[in-house]
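Here is a short report for a reader new to this model. Take a look at the structure, then read on.

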Amino acid sequence: MINQEQINQPHVLAEVAAAFYRYEAALVSNDIAVLDALFWHDPRTVRLGAGENLYGIEEIRAFRAARPAAGLQRELQRTTITTFGEDYAVCSTEFTREGSERTGRQQQTWVRFPVGWRIVAAQVSLMS
């Protein structure tokens with residue numbers, strides 16, 4: 001059971017924030033190697049995208065390899081990172097892209113493994 005003192009411990013929050021912003025930098029620069037490294041390499045990893053449902057690391061890798069590399073820049077708003085204990089976190093953010101009226105939403109579940117923090121589930125959606 002998690003108690004209040006275990007939520008957003010500063011050292012854990014700093015680690016997860018660093019991983020989250022590393023992912024964001026890789027996303028907008030289409031650094032596929034870093035994007036792949038930050039996802040859990042397991043068939044149980046899930047990424048539900050704005051137009052695709054990806055189950056397992058192999059489907060996520062195939063999507064990344066086929067995705068266009070243009071127009072990835074975006075501005076984040078309302079980013080919230082919450083950690084629970086030493087090994088679990090949820091990151092949520094909204095984003096906008098130049099030339100689009102739509103607001104995007106992204107949510108990721110991160111777990112600490114022996115190799116470091118990894119995304120085990122992610123969802124991306126767009127609002128009108």
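Ile-32 is part of helix α2, which covers residues 32-38. The model is a predicted one.

Which residues does Ile-32 touch, once neighbours within four places in sequence are set aside? Ile-32 is in contact with Arg-64 and Ala-65. Arg-64 is 32 residues away from Ile-32 along the chain. Even so, the C-alpha atoms of Ile-32 and Arg-64 are separated by 6.7 Å.

## The sheet

The model has an open sheet of 6 strands. Their order is β2-β1-β6-β5-β4-β3, and the pairing is mixed. At the edges are β2 (53-55) and β3 (75-84), each of which pairs on one side only. From one strand to the next, the twist averages 15 degrees.

In general, strands of a sheet pair through backbone hydrogen bonds, either parallel or antiparallel. Here, β1 (residues 46-48) and β2 run antiparallel, joined by 3 bridges. Within this pairing, Leu-48 stands opposite Asn-53 in β2.

## Helices on the sheet

Helix α3 (residues 57-66) packs on the sheet and touches β1 and β2. The direction of α3 makes about 135 degrees with that of β2.

Key:
Residues are numbered from 1 along each chain as its sequence is written. This is a predicted model: local features need pLDDT of at least 70, side-chain atom pairs count only at pLDDT 80 or more; totals for chains, interfaces and linings use all residues. Side-chain values use heavy atoms; hydrogens and water are left out. Helices (H or I, at least four residues) and strands (E, at least two) are DSSP runs, numbered from the N terminus. Contact means heavy atoms within 4.5 Å. Two strands pair if DSSP finds at least two bridges between them. Axes are lines fitted to C-alpha atoms, for helices over the stretch in contact, and angles run from 0 to 180 degrees between N-to-C directions.
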